[in-house]
Amino acid sequence: MDLFISLVHQVVGGKVKKPGKRGRKPAKIDLKAKLERSRQSARECRARKKLRYQYLEELVSSRERAICALREELEMYKQWCMAMDQGKIPSEIKALLTGEEQSKSQQNSSRHMKAGKTDANSNSW
């Protein structure tokens, strides 16, 4: 019988151990509930992935639009430079220069008018 016990059970340190899996036995979980949680988790994962890809696509398209706008601006500046190399001043640059001069003169005149008003106000005391 000792031979039988030694074949079926192992004696380790004076304790009898039964053969089989080691560690804790898994708790009996409802299989349907586990499958439903898994499905729900997969749905949420796909939804997050979809949102992430939509965000990245919008980001790429906005960057592409910005690149196109910068290329157009660069081409405009190249044309202006070629015109100036030929001794011509583009009308856009003239408008910018005259617009700056006009805005400076308007700012100066408004400053003089404000200064005049404050002088007039200080005399009324």
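Is Arg43 buried, partly exposed or exposed, and what is its relative accessibility? In this predicted model, Arg43 counts as partly exposed, because its relative accessibility is 37%.

Just after α2 comes Gly87, which takes a positive phi of about 90°.

Charged contacts were considered next. The count comes to 2 salt bridges. One of them links Glu36 with Arg43. Here the closest N and O atoms are 3.1 Å apart. Salt bridges that share partners join Glu36, Arg39 and Arg43 into one network. The contact between Arg39 and Glu36 has its closest N and O atoms 3.9 Å apart. This still counts as a salt bridge, because the cut-off is 4 Å. Arg39 and Glu36 are 3 residues apart in helix α2, so about one helical turn separates them.

How accessible are the two partners of this second contact? Arg39 has a relative accessible area of 46%, so it is partly exposed. Glu36 is at 38% relative accessibility and therefore also counts as partly exposed. The limits behind this wording are 20% and 50%: partly exposed lies in between.

A pair of aromatic rings is described by the distance of the centres and the angle of the planes. A search of the whole structure finds 1 aromatic pair. Its members are Tyr77 and Trp80. Their ring centres lie 5.5 Å apart. The angle between the planes is 70°. The pair is edge-to-face, because planes over 60 degrees apart are classed that way.

Are the two residues buried or exposed? Trp80 has 14% relative accessibility and so counts as buried. Tyr77, at 38% relative accessibility, counts as partly exposed.

How values were computed: Residues numbered from 1 in each chain as written. Predicted model: local features only at pLDDT ≥ 70, side-chain atom pairs only at ≥ 80, totals over all residues. Heavy atoms only, no water. Phe/Tyr/Trp six-rings, centres within 6.5 Å; stacked < 30°, edge-to-face > 60°. Buried < 20%, exposed > 50% of the residue type's maximum accessible area, 1.4 Å probe, protein only. Helix = DSSP H or I, 4+ residues; strand = E, 2+ residues; numbered from the N terminus. Salt bridge = Lys/Arg side-chain N within 4 Å of Asp/Glu carboxyl O.
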